[in-house]
Amino acid sequence: MRRLRFNGTDSKNGGCPAVHEDLDTGDIVVQGTPLTDPEDVAQLQHFGPGDAAVIVPRELLVNHGPKEVTRVPKLIDLAEFGQLFNHFDHSAWHLETRHGYASDREDPDYAEFLATRTAPCDLESDWCANIRRQTSAGKYVGRVRVVDNPPTEGQLFLLSYAKCNAATGEDVRNLWREDAERLRLPAEDFWIFDSRLVAVLRFDDEDAFHDVEVITEPAEVLRYCQVRDAAVHGSVPFDQFAAQLATSN
């Protein structure tokens, strides 16, 4: 059972609407008049069958909603993160900034790349099949990969694998690290879904994936969208980047 604390109400008789706070989780519970008109409910985005909407005055949230300025991180596991790729509405975009990834080095395809200098491409894998479905439905999927000079083996592997990414309909681009620093891009790996949700991928010192932090606060999401725009503007398509790299070598 939740331990709820009454935060306040703007009602003159002490009734509804009101705000409560869960003392253990920090969750906010808002009570108010239910929104029931089907035409009104139909306008709500991401409204699930078990959800309920209530109507409250703006002043109620201003006066009695949480005021802390320190954001509490929301972490999700790999399974929940994977579901984001099945349910986005129009766009998914990735910034890759690491020198390498433990998951790549543990993949048999990586060993084949080291032997042949060409990354295998399995378009029937679960990942590729899903991205093909999404892009075939008209959705945008893209990424910018930051590359060191000279590139690491892990970055060369991903540059070769980009042909497979592109075959699924992804817009794959690359950017030199010195240009990324000039553009003041953060040294973070993250996905942006529908320009409303950011999933920041967190790794340990051995490049192993650890967990995902989800950000939905509009001002923070906007900041990441601005990073995306700068990264896309400063990058070039992967095949053009690979050609430039081959010429320089």
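Trainee: How do the residues of the lining of the largest cavity divide into nonpolar, polar and charged?

Mentor: Please keep in mind that this is a predicted model. The count comes to one cavity of 30 Å³ or more, and the largest cavity has a volume of about 70 Å³. Of the 13 residues that line the largest cavity, Arg98, Arg145, Val146, Gln155 and Leu158 are the closest to its centre. Sorted by kind, the lining of the largest cavity comes to four nonpolar, six polar and three charged residues.

Trainee: Which elements give two or more residues to the lining of the largest cavity?

Mentor: Val146 is among the residues closest to the centre of this cavity, and the stretch 140-147 is strand E8. Gln155 and Leu158 are also among those closest to the centre, and the stretch 153-167 is helix H7. The elements that give two or more residues to this lining are strand E8 and helix H7.

Trainee: Which residues lie nearest the centre of the largest pocket?

Mentor: The largest pocket has a volume of about 960 Å³, and its lining divides into 16 nonpolar, seven polar and ten charged residues. At least two residues of that lining come from each of H3, strand E7 (91-96), helix H4 (102-105), H6, E8, H7, E10 and E11. Of the 33 residues that line the largest pocket, those nearest its centre are Phe81, Ser103, Asp104, Trp127 and Arg143.

Trainee: Which residues of the largest nonpolar core touch the most other members?

Mentor: At least two residues of this core, which has 24 residues, are supplied by each of several elements, including helix H3 (78-87), strand E10 (189-193) and strand E11 (197-203). A second, separate core has 17 residues, among them Trp93, Val146, Val221 and Ala231. In the largest core, the residues that touch the most other members are Phe81, Phe157, Trp191, Phe193 and Ala199.

Trainee: Is serine 235 buried or exposed?

Mentor: Serine 235 sits in the loop between helix H9 (218-234) and strand E13 (236-237), and, leaving aside its neighbours within four places in sequence, serine 235 is in contact with Val144, Arg173, Asn174 and Leu175. Its relative accessible area is 5%, and buried means under 20%. Serine 235 is therefore buried.

Trainee: How far does the backbone oxygen of alanine 231 lie from a polar atom of the side chain of serine 235?

Mentor: The side chain of serine 235 reaches the backbone oxygen of valine 232 at 3.1 Å. For the backbone oxygen of alanine 231, the distance to a polar atom of that side chain is 3.0 Å.

Trainee: Where is arginine 117 found, and what is its relative accessible area?

Mentor: Most residues other than glycine have a negative phi. Phi of arginine 117, however, is near 65°, a positive value, and phi of histidine 46, in the loop between helix H1 (38-41) and strand E5 (54-55), is near 60°. Arginine 117 is found in the loop between H5 and H6. Arginine 117 is partly exposed because its relative accessible area is 40%.

Definitions and conventions: Residues numbered from 1 in each chain as written. Predicted model: local features only at pLDDT ≥ 70, side-chain atom pairs only at ≥ 80, totals over all residues. Heavy atoms only, no water. Helix = DSSP H or I, 4+ residues; strand = E, 2+ residues; numbered from the N terminus. Buried < 20%, exposed > 50% of the residue type's maximum accessible area, 1.4 Å probe, protein only. Contact = heavy atoms within 4.5 Å. Polar contact = N/O pair within 3.5 Å; in protein donor to acceptor, adjacent residues only side chain to side chain. 1 Å grid on protein atoms, 1.4 Å probe; cavity = no way out; pocket = protein on both sides within 12 Å on 5 of 7 lines; lining within 4 Å. Points joined across faces, edges and corners; volume = space filled by probe spheres on them. Nonpolar A, V, L, I, M, F, W, Y, C, P; charged D, E, K, R; others polar. Core = buried A, V, L, I, M, F, W, Y, C linked by side-chain atoms within 4.5 Å.
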